[in-house]
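Here's a quick tour for anyone meeting this structure for the first time. Have a look at it below, then read on.

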Amino acid sequence: MADVLIEQLIRAAALAVIRDADELTALDAAIGDGDHGINMKRGAEAVLAELPKLDGKPPADVLRASGMQLVMKVGGASGPLYGTLAMELGKALPVEPTRAEFAVALAKAIDAVKARGKSDWGQKTMLDVLFPLHRAVAAGEAPPAIKAKALAAAEATVPMRATRGRASFLGERSIGHMDPGARSSALMIAAICDALGG
Amino acid sequence: MPNVGIVIVSHSPKVAEGAADMVRQMVGDTVPLAYAGGNPEGGLGTSVDAILSAIDRAWSDAGVAVMVDLGGAETNSEMAIELLSESRRDHVVVCNAPLVEGSVIAATEASGGSSLAKVKATAEELSP
């Protein structure tokens, strides 16, 4: 991956979050504390402001610095969760990763998110999108197929009952709403896949 | 050995400040105490930066117990602890206890010179 590419992908993901911040906040208002879109937008804007300073840096550094902006600026649990994903991905990626090496690094980063959130698959969280993402990447699927799977995985959180995060306080009432973290993950993955082309 | 420090982390700046007032009323200045409330813009939420600063202000060589309210406060506090220098990281713990009651009990325990492990255990006795 060329240095310029990683910056384009991060920019695409950040712009998607900013574009759909209102939708994310509305989803979070239904089953959480209603700040996911606002928080993610604050983080995405901080990342966009940081990107020019990272010009010419290796992808690992760009990912680490972007992740740190999310950690510091988001103001909710999603900051450390997405920040950990980016920073650990930066840490785990070799310089010129093959698809297989990228899949291995992605798995490590997703494991770190699991540990950070003390969460796992099936609890109506962003992990319910990140797990299928990893499977699709590891299977060598093309960006359009990965995008479709990510968006479908977020939709698949609608009938789930939340057992982690603020939505778990609602118990049965969390059923019937899409998880905002799953949706923000899917939106960013979709934007990255669009930028990669297909 | 100095007394264990207490850090109070709430989504609400008012709750964090109010809980700190209640701790002060109980233990005066015998325990290093700091609080962090609100997101980086001052709205409801928590800030890793503010938590790091509070840990610094409440620093004690005996360690620091961090009291948190809801999920994001815990996640952001754990993230902040990981960002501490290696020499400090192992001397800061997040307590799984109700914020207000836990803070007062933890500080009272700390004011008697108890270890960080004892302060944490006493606060966590309040958890169901």
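## Where the chains meet

Let's start with the contact between the two chains: chain A brings 16 residues to it and chain B brings 14.

## How confident is the predictor?

Keep in mind that this is a predicted model. The complex gets an ipTM of 0.90 and a pTM of 0.94 from the predictor. As for chain B, its pLDDT averages 96, and 100% of its residues score at least 70.

## The sheet in chain B

Chain B has an open sheet of four strands, paired in parallel and ordered β2-β1-β3-β4. At the edges sit β2 (33-37) and β4 of chain B, each with pairing on one side only. From one strand to the next, the twist averages 20 degrees.

Zoom in on β3(B) and β4(B), and you'll find four bridges holding to the parallel sense. B:Val64 has B:Val92 of β4(B) standing opposite.

## A helix across the strands

Now for α6(B), which lies across β3 and β4 of chain B and runs at about 10 degrees to β4(B). Which residues of helix α6 (residues 116-124) of chain B are buried? They are B:Leu116, B:Val119, B:Lys120, B:Thr122 and B:Ala123. Viewed down the axis of α6(B), these buried residues fall within an arc of 165 degrees, so they line one face of the helix. They pack against β3 (64-68), β4 (92-95) and α5 (99-111) of chain B.

Terms used
Residues numbered from 1 in each chain as written. Chains lettered and ligands numbered in written order. Predicted model: local features only at pLDDT ≥ 70, side-chain atom pairs only at ≥ 80, totals over all residues. Contact = placed C-beta atoms within 7 Å. pLDDT = per-residue confidence, 0-100. Buried ≥ 20, exposed ≤ 12 C-beta atoms within 10 Å, placed from the backbone. Helix = DSSP H or I, 4+ residues; strand = E, 2+ residues; numbered from the N terminus. Arc of directions from axis to C-beta. Pairing = 2+ DSSP bridges. Axes fitted to C-alpha atoms, helices over the stretch in contact; angles between N-to-C directions.
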